[in-house]
Amino acid sequence: MELKSGKSQLLLSKIATNDEHGENSPYFDGWKAYDNDPFHPTKNPHGVIQMGLAENQLSSDMIEEWIKKNPSASICTAQGLHAFKNTALYQDYHGLPQFRHAVAKFMAKARGGRVSFDPDRIVMAGGATGANEMLMFCLADPGDAFLVPSPYYAGFDRDLRWRTGVRLLPVTCQSSNKFQITLEALEAAYESAQKAGIKVKGLIIANPSNPLGTTMDRSTLRTLVTFINHNQIHLVCDEIYAATVFCSPSFVSVCEIIQEMECNHDLIHIVYSLSKDMGLPGFRVGIVYSYNDMVVNCGRKMSSFGLVSSQTQHFLASMLSDEEFVDQFLSESIRRLASRHDSFTKGLEEVGIKCLKSNAGLFCWMDLRHLLKEPTFEGEMGLWKVIISDVKLNVSPGSSFHCHEPGWFRVCFANMDDEIVEVALRRIRMFVGKCKEVDVQVKKSWQRNLRLSFSTLMYDENMGSSPRMMSPHSPIPQSPLVRAWT
Ligand SMILES: Cc1ncc(COP(=O)(O)O)c(C=O)c1O
């Protein structure tokens, strides 16, 4: 269906016609490139490999095994059918009590058992996406703002702003201190909002961070809590990767911090989900956990708009109550993630690509500044286009995470099997090799004072066959860097 624009747009709402969803960003463009030409080891071996999706597929076999051993957990088996009728009828929109109990226990386990959660404060939403939006509806009015340390999760623009009318004000973090949040940066963002007459209602963080893959230390968390307390604004902590921390330092939840220091608990709200730690994004299980009674009450009323289906609740109540399984799952999942992270980052290091040192998440924050033609966002976009269209990897450019410095890219490593990782690394190796060749050629040409243009270089015999004449089935049909520079 062709979308009509112009006059007919006037008939629609502001939400329907504004561009705040962010769908027209490279982050989503990369997904489209993958959708149009998805890699398959035998059916489409030269297709685009999806490395832009923060999905944890490394441990789904353990869940499958559990399902086989526990047929009564499903209402679609002979053993579980007796629960069908009840589950299929309307249920309390606060959530099945057994589900809220099981989730509260799981959330505690995901935080090393150092904190506990009250099942009566668990509010359901459609994934962390729905949970984040729900909190914005509860905490801010259209035009109000939330501070968010950048680089930040690209989906926040959609989840926090699009339908709520809330603004996001980046708190700029720098590579020079490993993108850590400082009090100075927080205060600068807060003060400039105040000068502009913008009402700041809170600060939202993702800890562990997407896209950085790092966790916040105790002292940073204490700084944040002090800052929001001092200014009497809210703190929303998206802890969706709480149990996706595969090496030290271990994860510290804000829940631990507020046990240790004086603060107004009414200002603290947690977002959680089973999408990452359990690898179940399709189940759309999101949680708002607020220490503020009014937010819990309002959230419950709102949860009618994004309930988790009773069938899913029924199944998860059973699985998450199996403590032995949960313990084994979490420790094995972390072991597998650590091993994948190690092998992937080592593969990158071998070709001179460094990543920000990370201990969490399903991605690396890759430093490709040395491959940029120029240190600008145009340079970043040029390189990204080459990586998508020629190297055929969907990685996400830093600009889509509002990174302040060009040249950083997020690359996901847990949504594929070992063989596909190998193909991706092989492509990266070839790409970097080509980049080096071009570099040498450029230097030689300058030495000889020939001032070869890049288009001339494309036909230089030292580059191998003319890239344009390469087999269309070559994984790198055209010299990437040359393309990036033209
Ligand atoms: C920090 C963060 N918050 C929220 C989400 C959305 O999660 P869900 O799939 O549970 O909606 C993601 C997904 O990547 C994320 O990384």
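**Notes on the predicted model**

1. The place of Q232 is in the loop between α9 and β6, and in this predicted model the residue has a positive phi of about 50° although it is not a glycine. Q232 counts as exposed, because it has 9 C-beta neighbours inside 10 Å, where 12 or fewer is the limit.

2. Most residues other than glycine have a negative phi, and most peptide bonds are trans.

3. The bond from N207 to P208 is cis, with omega near -5°, and P208 is found in the loop between β5 (200-206) and α9 (218-231). A cis peptide bond also joins S248 and P249, with omega about 0°, and P249 lies in the loop between β6 (234-238) and α10 (254-260).

4. Does the length of helix α8 fit its residue count, or depart from it? Its 13 residues (183-195) should span 18 Å at 1.5 Å a residue, and the end C-alpha atoms are 18 Å apart, so the two values agree. Just after α8, G197 takes a positive phi of about 75°.

5. Around the ligand there are 14 residues, of which G127, A128, T129, S273 and S275 come nearest. Helix α6 (residues 127-139) gives the most to this shell, with three residues, and the shell as a whole divides into six nonpolar, seven polar and one charged.

6. The largest nonpolar core has 126 residues, and L235, I287 and M366 are those with the most contacts inside it. Helix α6 supplies the largest share of this core, seven residues. Domain 1 (5-55 + 362-463) and domain 2 (75-322) both give residues to the core, so it lies between them.

7. An open sheet of four strands runs in the order β9-β10-β13-β12, with antiparallel pairing. Its edge strands are β9 (354-355) and β12 (396-397), each of which pairs on one side only. Strand β10 (residues 363-367) pairs with β9 in the antiparallel sense over two bridges, and the bridge partner of K354 in β10 is D367.

Methods
Residues numbered from 1 in each chain as written. Predicted model: local features only at pLDDT ≥ 70, side-chain atom pairs only at ≥ 80, totals over all residues. Near = placed C-beta within 6 Å. Nonpolar A, V, L, I, M, F, W, Y, C, P; charged D, E, K, R; others polar. Pairing = 2+ DSSP bridges. Expected span 1.5 Å × (residues − 1). Core = buried A, V, L, I, M, F, W, Y, C linked by C-beta atoms within 7 Å. Buried ≥ 20, exposed ≤ 12 C-beta atoms within 10 Å, placed from the backbone. Domains from an automatic or database assignment.
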